Amino acid sequence: MFQLDKTIISEEILEKEFVCNLNACHGACCVDGDAGAPLEEEETKIMAEIYPKVKPFLRPEGIKAIEEQGTHVVSDFGELETPLIDGKDCAYVIFDGKTALCGIEQAYNQGEVDWKKPVSCHLYPIRIKEYSDFAAVNYHKWHICSDACALGEELGVPVYKFVKEALVRKFGQQWYDELEKVAEEFKK
């Protein structure tokens, strides 16, 4: 672990390699698991605001889940999350053949909204845990991502480089530039 500004970072994000391989996993992270994607409070407001523009991109069962549960839910642990369809798929998930994609991101790609998707989705396989004085930045290993780990290793792409855009979105360019300096020193 090392500290960068108000973040404590796991060295695994420098050591591990990762590149999503949708051809192999078909977006399993959006449909597996027992909870929705983690959300920040500000994101819940954005999701409520953009929902009318995202709705046309969603599946009927996703629309039903959102209209019954809301654009976000609060878990039993008090955490903000995306709603699920029957306790499985994220309500915002759509499919291209058998590959799960994000309906919010599709609306973004089509220019309907200017918000890509929840930052937790954009950051994956990095998970952020906010504490009062700092944020913990950790690598999350999930068996469904073994093909992504293999592809990352084949291509030589460390986790922090794979999620560069999301890290800059979350912490800013200056923070990321400092992270790259740490990574260069780490390699030595």
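Arg 59 is buried, its relative accessible area being 16%, where buried means under 20% relative accessible area, exposed means over 50%, and partly exposed covers the range in between (1.4 Å probe, protein chains only). The model is predicted, so that local features need a pLDDT of at least 70 and side-chain atom pairs count only at pLDDT 80 or more, whereas totals for chains, interfaces and linings use all residues. Residues are numbered from 1 along each chain as its sequence is written, and side-chain values use heavy atoms, with hydrogens and water left out.

Asp 89 also counts as buried, at 16% relative accessibility. Arg 59 and Asp 89 form a salt bridge in which the closest N and O atoms are 3.2 Å apart; the term requires a side-chain nitrogen of Lys or Arg within 4 Å of a carboxyl oxygen of Asp or Glu. Because Arg 59 sits in the loop between H3 and helix H4 (60-69), while Asp 89 belongs to strand E6 (residues 89-90), the pair ties together parts that are 30 residues apart in sequence. Helices (H or I, at least four residues) and strands (E, at least two) are DSSP runs, numbered from the N terminus.

## Other salt bridges

Side chains of opposite charge can pair when their charged atoms come close. The count for this structure comes to 13 salt bridges. One of them joins Glu 40 to Lys 170, with the closest N and O atoms 2.3 Å apart. Glu 40 lies in the loop between helix H2 (22-25) and helix H3 (41-54), and Lys 170 lies in helix H9 (residues 164-171), so this pair connects parts that are 130 residues apart in sequence. Glu 40 is partly exposed, with a relative accessible area of 32%, and Lys 170 likewise counts as partly exposed, at 21%.

Lys 45 has a relative accessible area of 48% and is partly exposed, and Glu 42 is partly exposed with a value of 48%.

## Aromatic pairs

A pair of aromatic rings is described by the distance of the centres and the angle of the planes. The structure holds five aromatic pairs. In one of them, the ring centres of Tyr 124 and Trp 142 are 6.2 Å apart and the planes stand at 75°, so the arrangement is edge-to-face. This pair links distant parts of the chain, 18 residues apart, with Tyr 124 in the loop between helix H6 (119-123) and strand E9 (126-130), and Trp 142 in the loop between strand E10 (135-139) and helix H7 (146-155). The rule applied is that rings of Phe, Tyr and Trp (its six-membered ring) pair if their centres lie within 6.5 Å, and that planes under 30 degrees apart count as stacked, over 60 as edge-to-face and the rest as tilted.

Tyr 124 is buried at 8% relative accessibility, whereas Trp 142, with a relative accessible area of 21%, is partly exposed. Tyr 131 and Phe 134 form a stacked pair, at 5.0 Å centre to centre and with 25° between the planes. Tyr 131 is partly exposed, its relative accessible area being 44%, and Phe 134 is partly exposed at 34%.

## Cysteines

The whole structure was searched for disulfides, and zero were found, the criterion being a pair of cysteine sulfur atoms within 2.5 Å. Cys 145 is buried, with a relative accessible area of 10%. Cys 149 is in no disulfide, and its nearest cysteine sulfur, that of Cys 145, is 6.5 Å away. Cys 149 counts as buried as well, at 18% relative accessibility.

## Hairpin and domains

Strand E7 (residues 93-96) pairs with strand E8 (residues 99-102) in the antiparallel sense over four bridges, pairing being assigned if DSSP finds at least two bridges between two strands. Phe 95 stands opposite Ala 100 in E8. The two strands, E7 and E8, form a hairpin with two residues between them, and Gly 97 in the turn has a positive phi of about 70°.

The domain assignment gives domain 1 (1-18 + 125-187) and domain 2 (31-123), with bounds that come from an automatic or database domain assignment. The C-alpha centres of domain 1 and domain 2 lie 24 Å apart. Across the two, 13 residues of domain 1 are in contact with 14 residues of domain 2, contact meaning heavy atoms within 4.5 Å.
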